[in-house]
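Let's take a walk through this model together, stopping at a few places along the way. Keep the structure open beside you and turn it as you read.

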Amino acid sequence: MKDVFMKFSYKLSFTIFATGLATLLFISALMYKFNYNSTMVSQSKFIKTIANEVSGDIDYILAEKVKTTLTLANSSNIIKAVEDSIVSYADLSDKKREESIKQLNEKWMLTKNPDDNFILKFTDNKTAQFLKRQQALLKGEYGEIFLTNKFGALVASTSKLSTFSHGQKYWWLGSYNYGKGKIFFDDRGYDDSVGGYVLGLVVPVKKGTQIIGILKCNLNILGSINELITGAQHKSLGKFKLIRSGGMVVFEENFEPLSTRIHDNIFKKLKYNGQGTIIINDFEENYLVGFSQIKLTNNNTKYGFGGTFESSDHKKGNTGESWYVLCYRKMSLIQAPIIESIKSIVLIGSILIIILMLTSYLLGKKIAAPLTILNKATKKIGEGDFKGTVEILQNNEFGNLADSFNRMTANLKKTTTSIELLENEIVERKKVEKTLKNNQNFLDKIIDQSPFATWISDEKGTIIKCNAVLEKLLNITHEQLIGKYNVFEDKIAIKQGLIPKFRTVFEDGNTVHFSIEWDGNELGYKDAKKVHIEATMFPIHDDKGNLTNAVNHWIDITRRKKAEKSKIQLEAQLQQSQKMESIGTLAGGIAHDFNNILFPIVGHTEMLIEDIPK
């Protein structure tokens, strides 16, 4: 009685627990998905906005550098110096001027001493000193600053350059822009003269609307960008990188410029987008990455950007790429608030489930009390006792059930036969069932334990029972045989001409004996051996003489055939051996007789040899 209501209570409380837990997990999963999607939308917008802001700030820095350099290029000292330089070439024809600049360039390159008077004429003149003062005013901001005239010839420089002539160089041509003038950024990579990453800023020197010269300043740009990016970096914002669209990292805190590359997935995304976001896995950490192109580096009509030249001073130059700002945020930080909210939901839900489980357990105990009474009464009826009644004094479903139960018990007393007769009938039926089962088991054992391949078919030839020996012999599974394999449709049986023999059994009811020789290939054997079978097939009839089944016993006599063949071969070998033995005996006799004749001859010959002088 106690076990009944305990099981019911446990089952009810467990059902409440399992249902509540499944519901809680389902709701948590839905909420996580919803929160994740909405968070990713907002975070993607946020990180893209941050990348755009930093990109805009770098655009502003570059624009300010342009303003400073343009101011320098339009100073009276610079303009006068360029004009004086142009005058020195004015009286020369184009050909002679080119030849003169070429000779000066060769002399410049051959002169290795920077203190040579020829070099100092350009590195220590009034304009060069003016440019050096600009370097000093913004210490660490500039590498080399140098000025050329409209012919590309050097006018002044803060240090000895690799060449005197610059008119053929891509950055010079990019800024000269066919005489129209254009601001050009020469992204030449690492500059040993500055000791860091350098961006060459090239601007035209104008007098009115005419381009009279070109001024180039090598800027240590990463100093300003370092301050900007490290100042912007924060745990909530993420970390930043300045990169080229070709994948090289121009700036990343604690890394040497151009020593690392971005993730391949980001690189592919940059090919088709000026800005956007992407999720990547980098060093076993997932990141949400926002990227934004620095507009000023995109080779527009106002600004040129690039640089492919490399020398001993300039390394890893740009190959027609633009710059991007990347902002990295760890997915773990983005997902942390979502996970915390889900944890809170799971905790509160778990507490509610436990409360419901305890409530259901107590309620189950109360409900189970009348069920225990009904269970006890049911057991008595099962034992044949129809005298008992159920007393549940409740005006509810349990009370109605008790009344119905009592009426059922009264009806059973009137209509049910004697329990003793019923028990005897059950006992006899069980005996018959046991006998039938034993007979069936005995028949199954005979077939299964038979050393021969045995099978039973129905009246149409379909196999309904077989043993493992047949399965092994035919190289086929039990499932492929039972109910599926028909002897009249077997290809090998048709080939062997066995169908008429089968019909003799199934149609005439005769017993047949026959032999079969199968090729192993037909049965799918790996060694393709020959299989020899002796078979007996006989019919089974019911009490009325109707054929109901056919039984077939197959004996594999392959080994016996081999043994008989081996015996014949051994007998032939024995006969051959006996012949050889007879020939050997005859030869031995002849040799013995011949030896008897030779023996006295040899003996007398030896005696004569001893008597004859040498």
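Lys239, Lys241 and Glu252 are joined in a network of salt bridges. Please keep in mind that what you are looking at is a predicted model. Side chains of opposite charge can pair when their charged atoms come close. How many salt bridges does a search of the whole structure find? The count comes to eleven, and a few of them deserve a visit.

Begin with aspartate 186, which pairs with lysine 216; their closest N and O atoms are 2.6 Å apart.

Two other pairs sit within helices. Lysine 431 forms a salt bridge with glutamate 428, and here the closest N and O atoms are 4.0 Å apart. Both residues are in helix α11 (residues 419–448), and because they are three residues apart, about one helical turn separates them. Lysine 431 is partly exposed, with a relative accessible area of 49%, and glutamate 428 is partly exposed at 45%.

In helix α15 (residues 499–508) you will find glutamate 507 and arginine 503, four residues apart, or about one turn of the helix. Their side chains meet in a salt bridge, at 3.4 Å from N to O. Glutamate 507 counts as exposed, at 57% relative accessibility, since the cut-off for exposed is over 50%. Arginine 503, at 39%, counts as partly exposed.

Now step back and take in the whole chain. It has 17 helices and 17 strands. Of its 614 residues, 38% are buried. The chain exposes about 37,200 Å², and carbon and sulfur atoms supply 57% of that area. Take the contacts between residues at least 6 apart in sequence: 58% of them join residues at least 24 apart.

Next, look inside. The largest nonpolar core has 56 residues, and those with the most contacts inside it are Phe185, Leu215, Leu242 and Trp323. Which helix gives the most to this core? The answer is helix α1 (residues 2–73), which contributes eleven residues.

Leaving aside its neighbours within four places in sequence, leucine 215 is in contact with residues including Thr69, Leu72 and Ala73. Its contacts also include Leu131, Ile145, Phe146 and Leu147, as well as Leu201, Val202, Val203 and Val205. There is also a second, separate core of 29 residues, which includes Phe488, Val505, Val512 and Leu547.

Back in helix α1, find glutamine 43. At 17% relative accessibility, glutamine 43 counts as buried, because the cut-off for buried is under 20%. Not counting residues up to four places away in sequence, glutamine 43 touches Leu288, Arg329 and Ile334.

Tyrosine 178 lies in the loop between α6 (170–176) and β3. Its phi is near 55 degrees, a positive value in a residue other than glycine. Leucine 258 lies in the loop between β7 (249–251) and α8 (264–270). The phi of leucine 258 is near 65 degrees, again a positive value in a residue other than glycine.

Our last stop is helix α17 (residues 558–611). This helix has 54 residues and reaches 78 Å from its first C-alpha to its last, close to the 80 Å expected at 1.5 Å a residue. Where in α17 does a kink lie? Look at leucine 598, shortly before proline 600: the kink there is about 30 degrees.

Conventions:
Residues numbered from 1 in each chain as written. Predicted model: local features only at pLDDT ≥ 70, side-chain atom pairs only at ≥ 80, totals over all residues. Heavy atoms only, no water. Core = buried A, V, L, I, M, F, W, Y, C linked by side-chain atoms within 4.5 Å. Buried < 20%, exposed > 50% of the residue type's maximum accessible area, 1.4 Å probe, protein only. Contact = heavy atoms within 4.5 Å. Expected span 1.5 Å × (residues − 1). Bend = angle between axes of the 7 residues up to and from the residue. Areas by Shrake-Rupley, 256 points an atom, 1.4 Å probe, with all protein chains shown as cover.
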